[in-house]
Amino acid sequence: MLRKADATPMIAVKDLDRARRFYEETLGLATKEAMGGEVLEVTSGDTLINVYRSEFAGTNQATALTFDVDDIESEVRELKGKGMPGLDQQGDIYVAEGVKTAWFKDPDGNILSLFEG
């Protein structure tokens, strides 16, 4: 039924302007307004992420979005250099056999992650 359908990640935020600054300035991603300014389209690689305003922003307590990266240590260093919330100086990167991952939060508390492997 859906095996050929593309899927679009949806991230709820309280403040679209704050989200735009986060995705553009902190993460370095391209954004543009959509749906009359009610949605922020964010592009990461070939993925389109829809960021939208919601009173329920930040209530998810599980990972909402994962970025597949080639060098997680470098990405984490860069995020920490930008004062990224949700990263702790100790144990930022979790390692298992052949994979590495790290988690951080957006300004609304949505959990995002980096993944290498």
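This is a predicted model: local features need pLDDT of at least 70, side-chain atom pairs count only at pLDDT 80 or more; totals for chains, interfaces and linings use all residues.
**Exercise 1.** State the strand order of the open sheet of 4 strands, and find its edges.

*Solution.* 

Step 1. Read across the sheet. The order is β1-β4-β3-β2, and the pairing is mixed.

Step 2. Find the strands that pair on one side only. These are β1, at 10-13, and β2, at 30-34, which makes them the edge strands.

Step 3. Examine one pair. Strand β3 (residues 39-44) runs antiparallel to strand β4 (residues 47-53), and 6 bridges connect the two. Ser44 has Thr47 of β4 as its bridge partner.

**Exercise 2.** Is Ala34 buried or exposed? Is Met35 buried or exposed?

*Solution.* 

Step 1. Locate Ala34. This residue belongs to strand β2.

Step 2. Apply the cut-off. Buried means under 20% relative accessible area. Ala34 has a relative accessible area of 14%, so Ala34 is buried.

Step 3. Locate Met35. This residue is in the loop between β2 and β3.

Step 4. Apply the other cut-off. Exposed means over 50%. Met35 has 64% relative accessibility and therefore counts as exposed.

Step 5. Check the backbone of Met35. Its phi is near 50°, a positive value in a residue other than glycine.

Step 6. The C-alpha atoms of Ala34 and Val51 are 9.7 Å apart, and the two residues are separated by 17 residues along the chain.

**Exercise 3.** Describe how strand β8 is paired, and decide whether β8 is enclosed.

*Solution.* 

Step 1. Start with β7. Strands β7 and β8 run antiparallel and are joined by 6 bridges. Within this pair, Trp103 stands opposite Ser113, and Thr101 has Phe115 as its bridge partner.

Step 2. Look at the turn. The hairpin of β7 and β8 has 5 residues between the strands, and Gly109 there takes a positive phi near 90°.

Step 3. Turn to β5. Strands β5 and β8 run parallel, with 5 bridges between them. Here Thr66 has Ser113 as its bridge partner.

Step 4. Judge the surroundings. Of the 6 residues of β8, 5 are buried, so β8 is largely enclosed by the rest of the structure.

**Exercise 4.** Which members of the largest nonpolar core touch the most other members?

*Solution.* 

Step 1. Name the members. The core has 22 residues, and those touching the most others are Tyr23, Leu27, Val51, Phe67, Phe104 and Leu114.

Step 2. List the suppliers. At least two residues each come from β1, α1 (16-26), β3, β4, β5, α2, β7 (99-105) and β8 (111-116).

Step 3. Find the main supplier. Helix α1 gives the most to this core, with 4 residues.

Step 4. Arg21 is found in helix α1. At 43% relative accessibility, Arg21 counts as partly exposed, because this value falls between the cut-offs of 20% and 50%.

**Exercise 5.** Where is Val69, and how far is its C-alpha atom from that of Ser113?

*Solution.* 

Step 1. Val69 is in the loop between β5 and α2.

Step 2. With a relative accessible area of 12%, Val69 is buried.

Step 3. The C-alpha atoms of Val69 and Ser113 are separated by 10.0 Å, while the residues are 44 residues apart along the chain.

How values were computed. Residues are numbered from 1 along each chain as its sequence is written. Side-chain values use heavy atoms; hydrogens and water are left out. Two strands pair if DSSP finds at least two bridges between them. A nonpolar core is a set of buried Ala, Val, Leu, Ile, Met, Phe, Trp, Tyr and Cys residues joined through side-chain atoms within 4.5 Å. Buried means under 20% relative accessible area, exposed over 50%, partly exposed in between (1.4 Å probe, protein chains only).
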